[in-house]
Amino acid sequence: MMHRKPSPAVGIGYRASIGQWTRENLESFDVLEITVDHCINGSQSVQLGIFDLVGRIPLTAHGIGLSIGTDTPLDLAYLDKVAAVVERLQAPAYSEHLAFTRTPGRDLASLLPLPRTEAVAESIIAKVQTVQSRVPVPFLLENISYLFEWPDSNLSDAEFLNLICRETGAGLLLDVENLFLNANNHGFDPYAFLDALPADLVKEVHVAGGMTIPKDFLDRPFLADSHSHPIPDGTLALLDRVLARHTPETIVLERDNRLHAVGEILADIGRVRSLVARRKSENTYAHQPLGSSG
């Protein structure tokens, strides 16, 4: 029987290579994030392993194949497959990256940023509305980590996201690790970014741990989004700020490398839960009526 989901629910992104371990430790998680593309293109055994989880633990749906930023019409057949998977998973939301991963005829095998301009935002707004018309659950956009910025960008990260979400009603899947990495690699204030987001725009959260790559020719060490190590303290500090202003439904730990280190995965889940509990306690105390006891 599915257990009651707390808010925010804390869990991990499901990975088939540790699928058996995950199923044996479901009590350690409140939610699992399922990659819909694994349900569409994965092997039969991978698909069966995922769909076996339906009804045993809450699931949410995340995509990697939409490439919403490619300057071509969306693949409507793909979206219909996504809708069918979301329905089968009983997922309450569907999220995708605000990025492009391919150009016509070529898969780039990477999440690449968009020029942050009003014209590009208008194009994305129309595509978000198409997604919303075909996938009957709330649609969330995720901020990515990026190596470069387009020279014609004239909006900040927050302005670009806010414009698209305001015009479409889409929510934000805030990848706090990506924010931490971008702020370090590109030299901006991540707290100013968070303060620029409207309260409660953040509906889901990703956290992860990456790698530091020192190079003599760089002004500062480059932080890489490898999903391979424990969550850094700086990311947890940003998560604390997020929880002060937003009420996400889920916080998902992403792990794609060094998956054998399951002790680190469980320890990170514990660290996130401790932060959530402390933030709830502080928020409750801050909102106590004047003169109340306790």
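1. **Ground rules.** Because this is a predicted model, local features need pLDDT of at least 70 and side-chain atom pairs count only at pLDDT 80 or more, while totals for chains, interfaces and linings use all residues. Residues are numbered from 1 along each chain as its sequence is written, and side-chain values use heavy atoms, with hydrogens and water left out.

2. **Helix α6.** Helices (H or I, at least four residues) and strands (E, at least two) are DSSP runs, numbered from the N terminus. The end C-alpha atoms of α6 are 17 Å apart, which agrees with the 16 Å that its 12 residues should span at 1.5 Å a residue; the expected span is 1.5 Å times one less than the number of residues.

3. **How enclosed is α6?** Nine of its 12 residues are buried, so α6 is largely enclosed by the rest of the structure. Buried means under 20% relative accessible area, exposed over 50%, and partly exposed in between (1.4 Å probe, protein chains only). Among the buried residues are Phe160, Leu161, Leu163 and Ile164. The buried residues pack against α5 (118–134), β7 (139–142), β8 (171–175) and α8 (190–196).

4. **Thr168.** This residue belongs to α6 (residues 157–168) and is buried, with a relative accessible area of 14%. Leaving aside neighbours within four places in sequence, Thr168 is in contact (heavy atoms within 4.5 Å) with Ile125, Val128, Gln129 and Gln132. Gly169, with a positive phi near 80°, follows the helix.

5. **Strand β12.** Which way do the side chains of β12 (residues 250–253) point? Thr250 and Val252 point one way and Ile251 and Leu253 the other way, and all are buried. Strand β1 (residues 9–13) pairs with β12 in the parallel sense over four bridges, with Val10 opposite Ile251. Strand β9 (residues 202–207) also runs parallel to β12, joined by four bridges, and Glu204 stands opposite Thr250. Two strands pair if DSSP finds at least two bridges between them.

6. **The largest pocket.** Its volume is about 670 Å³. Of the 32 residues that line this pocket, the closest to its centre are His97, Leu111, Ser145, Asp225 and His227. A pocket here is an open set of points on a 1 Å grid over the protein atoms alone, where a 1.4 Å probe fits, with protein on both sides within 12 Å along at least five of seven lines; lining residues have an atom within 4 Å of a point. β6 gives the most to the lining, with four residues.

Notes
Points joined across faces, edges and corners; volume = space filled by probe spheres on them.
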